[in-house]
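Have the viewer open and follow along.

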Amino acid sequence: MVSQAVTIVLLLAGAGFFLAGTLGLLRFPDVYTRLHSLTKADNVGLGLMAAGLAVQAESWAAIGKIALIWLLVLLASATGAHLVARSALRKGIKPWTL
Amino acid sequence: METIASGQPWIIWAVFSPLVGAIFAFLLPRHASLVGCLAALATSGAILGLVRQVVEFGPQRYLLGGWGAPLGVDLQADGLSVVMLLTAGVVGAGVTVYATGYFQRSSQAARAFWPLWLWLWTAMNALFLSADIFNLYVTLELLSLSAVALVAVSGNADALTGAMRYLLVSLLGSLSYLFGVVLFYGAHGTLDIALLGDLTGPSPADWVATGLMITGLAIKSALFPLHFWLPPAHAAAPAPVSALLSALVVKASFYLLLRLWLDVFPVSTPVAGQLLGVLGAAAIVWGSLKALRQKRLKLLVAYSTVAQLGYLFLAFPLASTLAAATAWSGSVMFIVSHALAKTAMFLAAGNILRSVGHDRIAELGGAQRSATLSWIAFAIAGISIMGLPPSGGFTAKWVMLQAAFASGQWWWSMPIIGGGLLAAAYVFRIVALAFAPIGAPGTSKSVPKRMELAALGFAVAAVMAGFATLQILSLLDSGAPFGQIGAEAVL
Amino acid sequence: MDVMSLAANWTFDGLLALALLWVGWRVLASTNLFKGIVFFIAFGLLVALSWVRLEAPDVALAEAAIGAGLTGALLLAALSRLRRRQDSAQASDQPLDAETSRTARLSLGTQALLIVFSAVLFVCLGTAFLSLPPLTPGLGPQVAEQLSASGVTNPVTAVLLNFRAYDTLLEMGVLFLALVAVWSLSPAPAQLVTAPGSILISFVRVLVPIVVLAATYLLWIGAYAPGGAFQAGAVLAAAVVLILLAGENTMPAGSTWPLRATLSLGLGVFVAVGMSLMGMGRSFLDFPTDQAGNLILLIEVAATVSIGVTLAALFLGGQPQRGSPK
Amino acid sequence: MTATMAYATAGIGLFVLGLYALSAYTHLLRKVIALNIMASGIFLVFGAIAHRAPGQGADPVPHALVITGVVVAVSATALALALMLRIQAETGQPRLPDETSD
């Protein structure tokens with residue numbers, strides 16, 4: 001029972017981060033801030049979800065796989081965000097300022 | 001039931017000789033034409049071996065992997081498959097000889113041509129021999145992709161756009177066919193043609209599947225009004241490719257349509273048959289009229305293909321009656337004779353184009369001085385296209401006329417005869433050029449003898465096919481693909 | 001199953017189906033081609049999810065790796081080449097192609113006709129599907145019955161590499177043929193990416209070994225769990241594409257023979273195994289039960305390598321030129 | 001019939017949508033994407049057919065056939081894209097000539 005409650009809380013929290021990230025993606029003013037919102041929120045959101053699922057996992061191997069998935073996504077989204085930001089800079093898009 | 005293949009598995013060699021050849025032609029690009037010739041030799045041998053087997057022992061069935069339908073995939077060879085295979089073999093072998101002269105050794109085009117052509121041959125043989133409707137989908141895709149790539153080999157803008165339109169249309173046709181496969185599997189749980197044939201009936205799923213498959217295959221066979229892709233693709237391709245496409249590739253999808261119509265589709269209604277017949281008749285008229293108005297020789301020949309394909313579809317309305325076997329036999333005779341004649345025409349047109357440097361009909365007058373044999377070949381092939389005796393075209397039309405009268409639908413004789421007159425008009429339009437006064441002496445290049453002889457050989461074969469009618473029909477009868485009517489009933 | 005979870009299932013499947021349709025429509029109707037392709041990749045992932053719901057994890061893997069991943073990469077590469085050429089064409093005052101102009105100038109009548117036709121087609125196909133018998137067993141029971149003789153325990157692999165191995169052989173042929181055809185069309189464009197940057201390069205260095213490991217795992221596990229040569233090949237192709245993107249792509253000068261041999265390996269081994277079995281008096285691709293597992297593994301290993309390299313070569317979009325950067 | 005109905009409906013819808021787009025759009029890249037969507041639609045219908053009997057597991061034969069189909073589709077897509085790029089290089093337009101909007 002406790003483990004299920006923990007999972008539910010973690011999944012809901014993760015979903016909250018995804019929601020916030022998506023809102024940021026839609027509402028933030030320029031490509032850099034949008035990237036920030038997207039990757040940051042998604043990485044944490046996915047981490048929370050992975051943790052929530054790991055609580056339910058039946059073996060250490062499964063937990064390892066979940067952790068690996070999260071790490072790979074972190075790596076990929078960080079690199080992806082970097083590449084998008086770099087190509088935006090090269091195109092001459094100025095970061096948004098107040 | 002057919003005998004399980006005994007002795008030498010020629011049926012396997014018929015598919016795998018060109019396939020192995022295609023791999024080696026890719027591995028050894030510098031020796032591609034040599035590989036191509038060897039593979040053509042092996043393939044022809046395998047086809048002859050299989051024909052002998054079918055003549056001696058009757059239809060063959062081969063259980064791939066030893067499983068047997070419905071779990072496994074079977075190959076089958078009956079009279080109909082073997083006649084198609086043989087036609088493809090004769091045209092393929094001849095075009096191989098022609099291509100050794102057409103493409104410069106180890107040029108970029110030659111390197112592209114040989115593996116693609118061997119793939120095309122693999123696809124056709126696999127298609128004629130397959131007994132499984134999903135496997136047939138894969139062979140259809142092999143066929144379209146290799147045919148499209150072959151059109152693009154010439155590399156100019158016309159060829160590329162022609163190839164692209166051909167690809168899009170063919171993929172659409174394949175998808176439509178595939179949807180039919182899905183519905184048939186959903187309704188009956190098997191993919192084998194023979195097993196499926198016992199299960200199909202008048203249910204909505206079977207009707208829709210039938211409609212999807214007929215539409216898909218009619219697109220691929222360029223049935224009017226879905227023919228628009230054919231002339232640009234066939235005309236822009238290199239000459240040996242044009243010959244292969246017009247003589248064989250469109251007939252491969254027609255063969256599949258015929259096979260499914262006979263064995264799988266729920267008892268065909270007269271309505272569908274009549275509709276296909278009307279479209280066929282329209283194709284004859286429209287294709288011929290367009291051919292008459294073309295300014296380029298190769299486009300004229302390509303529109304002639306649109307018209308001639310119309311004849312094949314005239315068998316559908318005739319076959320809903322007692323004259324069915326006669327009608328189908330006429331249709332297959334037509335496939336054979338048109339394949340030979342059209343190969344001759346495209347090869348001859350290719351020779352003329354090479355010798356004069358262009359194929360603008362208005363400026364071809366007097367051009368016969370350089371490629372005389374090719375002009376003769378074109379004229380002789382014209383005899384069969386017009387349907388004059390004793391050519392194969394004549395006997396094919398004769399058999400169809402018999403079917404029309406025997407089935408009490410005399411009106412179908414009108415497009416058969418009218419199409420011959422129209423064909424005469426566009427053939428004479430070209431042949432007359434040979435008798436035109438010699439024009440300004442343009443630059444003319446010589447054409448390798450074997451290219452001219454190949455064109456001439458096919459033209460003569462198309463005319464002589466008339467004398468082989470009985471042999472072809474008795475071979476066709478093996479396994480009675482059209483039901484019980486022998487060759488003697490036809491003539 | 002209780003009512004709650006049944007309702008949850010229905011809701012999930014219904015929402016997913018609606019999402020498929022909506023995203024599919026966005027793919028086709030988006031004004032900007034780049035957006036359309038991004039939607040296409042998202043669409044592919046939704047399709048993969050649908051396959052999981054349809055209890056077809058093998059297909060889900062294939063769809064995610066090939067349908068969404070590689071097809072998406074092919075489309076993006078093609079788009080960027082289109083735009084690059086367009087930019088240079090624009091500079092030389094050639095007619096500019098506006099990719100935002102979406103439809104042919106169809107007359108209103110034609111468009112209405114097309115819509116009516118589509119609607120009729122939808123109704124016909126729907127009726128046909130609804131008329132299907134609800135419980136036709138298909139070939140499932142026969143596959144289950146013969147599974148123990150197939151040499152593998154994953155039924156999908158058994159169908160692909162044993163019962164219908166001939167289909168798969170021809171399918172490898174289609175892939176091989178596509179490559180021959182693409183090579184016959186054009187030489188490979190010189191370079192894909194300008195200055196990949198150090199972060200991308202180190203990312204690739206970390207990732208490629210993991211990806212290759214994942215491909216090996218998928219290949220190995222395909223015998224008894226979802227996975228197999230095509231999924232593994234697609235993952236391997238992703239590794240090669242990554243290397244190409246990072247610019248570490250010089251091919252040794254000289255012959256293209258080793259590359260050609262690698263590309264033909266899968267098909268060649270497949271045919272050779274089939275022929276050898278014929279030489280032993282069996283029929284083509286008729287594996288002896290005790291050796292079936294090993295022979296299937298042999299074919300799959302060769303196939304995986306060839307599929308990986310072929311898909312990556314298709315991504316490259318043309319024949320690599322001798323001695324020049326691959 | 002269960003929730004698999006939803007996937008069959010979506011599959012048929014995607015097939016029809018793709019067909020519409022294939023005929024309505026002129027840009028070759030869009031036509032290629034449309035064909036891919038049509039193929040996905042057919043595959044989904046096949047998947048729904050394989051999954052008609054709930055609780056008995058799905059029929060593996062359609063799954064194997066769909067994997068074959070996916071590979072065929074990517075092969076055809078690769079060829080179509082290469083052709084499209086050549087056409088653009090020769091004519092300056094990623095469209096077929098008589099459909100070029102003027």
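Predicted model: local features only at pLDDT ≥ 70, side-chain atom pairs only at ≥ 80, totals over all residues.

## Chains, cavities and a pocket

- Chain A and chain D do not touch either, with 23 Å between their nearest C-alpha atoms.

**Chain A**

- Chain A holds three helices and zero strands, so its elements read α-α-α from the N terminus on.
- The radius of gyration of chain A is 16 Å, whereas a compact globule of 98 residues would have one near 13 Å.
- Along the principal axes, the C-alpha atoms of chain A fill a box of roughly 55 × 25 × 15 Å.
- Of the 98 residues in chain A, 24% are buried.
- Among the contacts in chain A with a separation of 6 or more, 72% are between residues 24 or more positions apart.
- Chain A has an accessible surface of about 6500 Å², and carbon and sulfur atoms account for 75% of that area.

**Chain B**

- In chain B there are 19 helices and three strands.
- The box filled by the C-alpha atoms of chain B is roughly 70 × 55 × 40 Å along the principal axes.
- Buried residues come to 68% of the 491 residues of chain B.
- For contacts in chain B between residues at least 6 apart in sequence, 80% join residues at least 24 apart.
- The accessible surface of chain B is about 14800 Å², with 68% of it belonging to carbon and sulfur atoms.

**The largest cavity**

- Rolling a probe the size of a water molecule over the atoms shows where empty space is left.
- The count comes to nine cavities of 30 Å³ or more, and the largest cavity has a volume of about 150 Å³.
- The lining of this largest cavity has 16 residues, with L171(B), L175(B), L35(D), A73(D) and A76(D) nearest its centre.
- Two or more lining residues each come from α5 (133-151) and α6 (157-188) of chain B and from α2 (28-50) and α3 (60-91) of chain D.
- α3(D) supplies the largest share of that lining, six residues.
- By class, the lining of the largest cavity has 12 nonpolar, three polar and one charged residues.

**The second largest cavity**

- The second largest cavity has a volume of about 100 Å³.
- Its lining includes F40(C), E63(C), I66(C), G67(C) and T71(C) from chain C, and from chain D it includes N36(D), F43(D), V70(D) and A73(D).
- The elements giving two or more residues to this lining are α3 (57-91) of chain C and both α2 and α3 of chain D.
- Seven nonpolar, four polar and one charged residues make up the lining of the second largest cavity.

**The second largest pocket**

- The volume of the second largest pocket is about 1500 Å³.
- This pocket is lined by 39 residues, and those closest to its centre are L172(B), T215(B), I219(B), L226(B) and F117(C).
- Three chains give elements with two or more lining residues: α6, α8 (204-220) and α11 (270-293) of chain B, α4 (108-130) of chain C, and α1 (4-24) and α2 of chain D.
- Which element gives the most to the lining of the second largest pocket? α8(B) does, with eight residues.
- The lining of the second largest pocket divides into 30 nonpolar, five polar and four charged residues.

**A closer look at L263(C)**

- L263(C) sits in helix α10 (residues 257-279) of chain C.
- With a relative accessible area of 3%, under the 20% limit, L263(C) is buried.
- Beyond its neighbours within four places in sequence, L263(C) is in contact with F26(B) of chain B and with F176(C), L179(C), W183(C), S306(C), V309(C) and T310(C) of chain C.
- L263(C) and L311(C) are 48 residues apart in sequence, and their C-alpha atoms are 9.7 Å apart in space.

Methods
Residues numbered from 1 in each chain as written. Chains lettered and ligands numbered in written order. Heavy atoms only, no water. Helix = DSSP H or I, 4+ residues; strand = E, 2+ residues; numbered from the N terminus. Rg over C-alpha atoms; globule rule 2.2 N^0.38 Å. Buried < 20%, exposed > 50% of the residue type's maximum accessible area, 1.4 Å probe, protein only. Contact = heavy atoms within 4.5 Å. Areas by Shrake-Rupley, 256 points an atom, 1.4 Å probe, with all protein chains shown as cover. 1 Å grid on protein atoms, 1.4 Å probe; cavity = no way out; pocket = protein on both sides within 12 Å on 5 of 7 lines; lining within 4 Å. Points joined across faces, edges and corners; volume = space filled by probe spheres on them. Nonpolar A, V, L, I, M, F, W, Y, C, P; charged D, E, K, R; others polar.
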